[in-house]
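Thanks for coming. I will take a few minutes to walk through one structure, so please have the model open while I talk.

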Amino acid sequence: MKVSELSIEEKLRLICGKDCWHTNDLNGKIPFLKVTDASMGVRMPANAEEWGGGDKPSVSYPSSQMLANTWNLQTVRAYAECVADDCLEYGADILLGPGVNIKRNPLCGRNFEYYSEDPYLAGVIAREYIAAMQAEGAGTCLKHFCCNNLEYNRKLQSSEVDERTLREIYYKPFEIACEAKPVSVMCSYNKINGVQGSENKKGFSILRNEYGFDGAVISDWDAVYDRVKAAKAGLDLEMPFSKKNFERLVEDVRAGKISEAEIDECAQRVLDMIERCKKLQQGKKRKRTQAERIKLAQEAAEEGIVLLKNEGVLPLQKGQTLSACGLYGALYADGRDNSHLLAGGGSGKVVRLTKDFDIPEELRKAGFQVEYEVAFGDTAVDNSFMDLRKAIENAAVSDINLVFAGTGVNIETEANDRKHMKLSDVQERAILDTAAANPNTVVVLFAGAPIDMSAWIEEVAAVVYAGFCGERGAAAVANVLTGKANPSGKLSETFPLCFEDTPAASGYTDGMVTRYEEGLDVGYRYYDTYCVDVLFPFGHGLSYSEFEYKNLVLKKCGDGIEVNFEIENTSGTDGKEISQVYVRAMSSYVYRPYKELKGFAKSLVKAGKTEKVKVVLDKRAFEYWSVGNDCWEVEDGVYEIIAAASVADERLSAKIKICNGEISVL
Ligand code: BGC
């Protein structure tokens with residue numbers, strides 16, 4: 001439909017949304033769209049129009065941060081197809097995700113909703129997710145554009161970032177994800193260099209004119225302060241409906257503060273988005289049954305769980321006796337919903353369909369004898385009390401002691417940041433006290449972001465990072481513990497030793513301004529360049545298999561190169577290995593971080609076998625944003641191509657030379 005078929009009144013209604021979750025159907029003249037959140041599956045509000053009223057149950061998948069830890073694009077694809085099925089089931093036209101904000105600060109309350117500290121990894125996952133979801137009939141909304149990297153004072157804060165850093169780090173995942181043509185992008189709450197996220201004219205025009213984004217820009221909920229300014233900047237749809245903003249918009253139009261042609265641009269893009277979403281759905285049937293989706297939720301959890309430390313205690317051996325201790329929060333001690341350790345809070349939380357989440361029971365089903373003790377204390381509050389006497393007694397007489405600890409909805413949540421990176425005092429105490437009774441202690445962590453483990457890491461034998469693992473997480477964790485599933489996830493963000501070590505910790509910040517003083521040196525780019533020790537590096541994850549990398553061969557391929565190498569599984573256990581390809585500019589006239597991720601692969605390698613890996617790097621793998629010339633440039637010089645098992649575990653390397661833009665292999 002063309003915007004010329006609408007009256008001015010209809011156009012204004014159309015660019016303002018109907019209620020909390022729908023676009024305006026102009027009294028039945030056009031179809032409406034229903035939108036819904038995101039990040040662990042579909043959060044379907046019980047009340048179709050307004051805030052509040054709780055959510056309907058839906059399949060709860062592992063959260064975005066865990067999906068990223070899979071580094072497996074097939075898993076991403078299957079996951080997105082499942083969520084698209086959930087959307088079809090609930091009649092949702094657009095899922096308000098994926099979120100690709102960079103994990104600049106490990107305290108950010110929404111990190112579990114995002115993919116990575118690395119823009120390439122975040123962008124590639126989002127691109128796959130969007131392509132798969134839209135192919136299955138559900139629209140996507142890539143969010144939050146841009147630099148929403150803290151929750152504190154998120155509606156007033158200005159993220160102050162230089163142009164090169166914006167281009168290379170914070171815009172980059174949007175740039176890559178836009179290749180999959182999302183139907184919409186959501187603006188951020190925060191200001192960017194002093195400009196309101198909903199009025200980010202420069203940013204929106206980069207999205208449209210440089211990244212090929214051809215959908216509609218939607219506001220974050222209540223992020224519009226001046227509808228006219230936002231429309232002039234290119235924000236097409238304000239959500240949810242705000243009576244105050246709408247009335248002012250009508251007055252401003254009457255007063256000539258915005259032309260009808262400017263309104264038309266926004267209204268046409270909203271019309272196009274509605275038409276496009278309806279087209280996406282045509283003839284689409286659910287690809288998987290609900291049971292199949294629940295099964296996928298487990299497979300994704302198994303792919304994403306990261307074995308961080310293992311001093312020979314895992315996998316569990318048949319016949320071993322186990323003690324297990326679950327450290328849960330007093331707030332939910334009535335057993336109403338034991339999901340508080342299993343998800344972050346806010347708009348991304350999903351009320352899960354199945355209620356059982358019982359790791360000890362899963363282990364018993366696998367033939368183990370388990371003494372299980374739940375210890376209650378308020379996990380959100382330091383210095384509360386937890387009665388551990390029974391748990392310690394159990395630990396002392398068992399072969400292996402399991403401790404389930406973490407953060408959960410009370411600590412990691414939208415609209416708040418964590419106060420620190422540690423577990424609460426009571427949880428740390430519980431780990432230390434049970435580990436003192438049994439050195440074969442395995443800590444299973446349910447969290448959406450890095451944990452400072454300095455108080456207890458040396459005292460335990462193994463750490464399994466289970467993330468926020470969704471409703472089938474218990475079975476997935478049990479399978480990883482027993483070896484039925486060989487862990488194959490790797491970290492999509494660094495676990496620093498402590499918060500003070502992060503570059504974000506020393507940057508200027510007050511209630512209103514956060515200066516991104518570290519520039520490009522976000523996450524591993526900082527630790528790697530400045531040789532700062534970390535607890536677990538970016539890309540780290542153990543397996544029950546052993547892998548060797550060999551025979552690196554580089555070949556020219558188009559305007560880039562093909563990186564070929566082999567991975568041999570030298571163990572007796574089948575396993576999957578995530579190999580990472582980093583590029584290091586060795587002779588640059590501009591600052592470059594020590595090395596940067598430009599490709600990766602996940603390979604299944606059977607015991608004793610060797611698999612070939614091929615990663616293609618195009619010209620963009622060598623580019624940097626030239627502030628001098630205001631464009632992407634490739635410098636002539638020598639570049640090292642590194643195949644690595646993590647950013648800190650380089651296995652193979654070779655060099656290329658670029659001369660007058662031409663690549664030659666050295
Ligand atoms: C969040 C968005 C979310 C929206 C709708 C906002 O508070 O920032 O990510 O999509 O609410 O629930």
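First, the ground rules. This is a predicted model, so local features are reported where pLDDT is at least 70, side-chain atom pairs count only at pLDDT 80 or more, and totals for chains, interfaces and linings use all residues. Residues are numbered from 1 along each chain as its sequence is written, and side-chain values use heavy atoms, with hydrogens and water left out.

Let me start with empty space. Rolling a probe the size of a water molecule over the atoms shows where such space is left. Here the search runs on a 1 Å grid over the protein atoms alone; a cavity is a set of points where a 1.4 Å probe fits but cannot get out, while a pocket is an open set with protein on both sides within 12 Å along at least five of seven lines, and lining residues have an atom within 4 Å of a point. Grid points are joined across faces, edges and corners, and the volume is the space filled by probe spheres set on the points.

The largest pocket comes to about 580 Å³. Its lining has 31 residues, and those nearest the centre are L107, D417, R418, K419 and H420. By class, that lining has eleven nonpolar, 14 polar and six charged residues. For the classes, Ala, Val, Leu, Ile, Met, Phe, Trp, Tyr, Cys and Pro are nonpolar, Asp, Glu, Lys and Arg are charged, and the others, Gly among them, are polar.

The second largest pocket has a volume of about 490 Å³. It is lined by 25 residues, with Y120, I176, K598, D618 and R620 closest to its centre. Its lining divides into twelve nonpolar, one polar and twelve charged residues. At least two lining residues come from each of α4 (119-135), α6 (172-177), β23 (596-605) and β24 (610-617). Those labels are DSSP runs numbered from the N terminus: helices are H or I with at least four residues, strands are E with at least two.

Now the rings. There are 24 aromatic pairs in the structure. Rings of Phe, Tyr and Trp (its six-membered ring) pair if their centres lie within 6.5 Å; planes under 30 degrees apart are stacked, over 60 edge-to-face, and the rest tilted. One of the pairs is Y61 with Y79, which is tilted, at 5.2 Å centre to centre and 45° between the planes. Y61 sits in the loop between β3 (55-56) and α2 (64-70), and Y79 in helix α3 (residues 73-90), 18 residues apart.

Are these two tyrosines buried or exposed? Y61 is buried at 0% relative accessible area, and Y79 is buried at 2%. Buried here means under 20% relative accessible area, exposed means over 50%, and partly exposed is in between, with a 1.4 Å probe and protein chains only.

A second pair is Y120 with F600: the ring centres are 6.2 Å apart and the planes at 80°, so it counts as edge-to-face. Y120 is in helix α4 and F600 in strand β23, so this pair ties together parts 480 residues apart in sequence. Y120 is partly exposed at 25%, whereas F600 is buried at 13%.

K172 lies over the face of W632, 4.1 Å from the ring centre. The charged end of K595 is over the ring of Y582, 5.6 Å from its centre.

On to strands, which pair if DSSP finds at least two bridges between them. Five strands form an open parallel sheet in the order β1-β4-β5-β7-β10. β1 (35-36) and β10 (216-218) are at the edges with a single partner each, so one side of each has no neighbour in the sheet. β7 (residues 184-187) and β10 pair over three bridges, and S184 has A216 as its bridge partner.

Elsewhere, β25 (residues 623-626) and β26 (residues 631-634) run antiparallel, joined by four bridges. W625 stands opposite W632. The two strands form a hairpin with four residues between them, and D630 in the turn has a positive phi of about 60°.

Last, two single residues. E9, in helix α1 (residues 8-14), is partly exposed at 42%. L535, in strand β19 (residues 534-536), is buried at 17%.

Methods. Lys NZ or Arg CZ within 6 Å of the ring centre and 35° of its normal.
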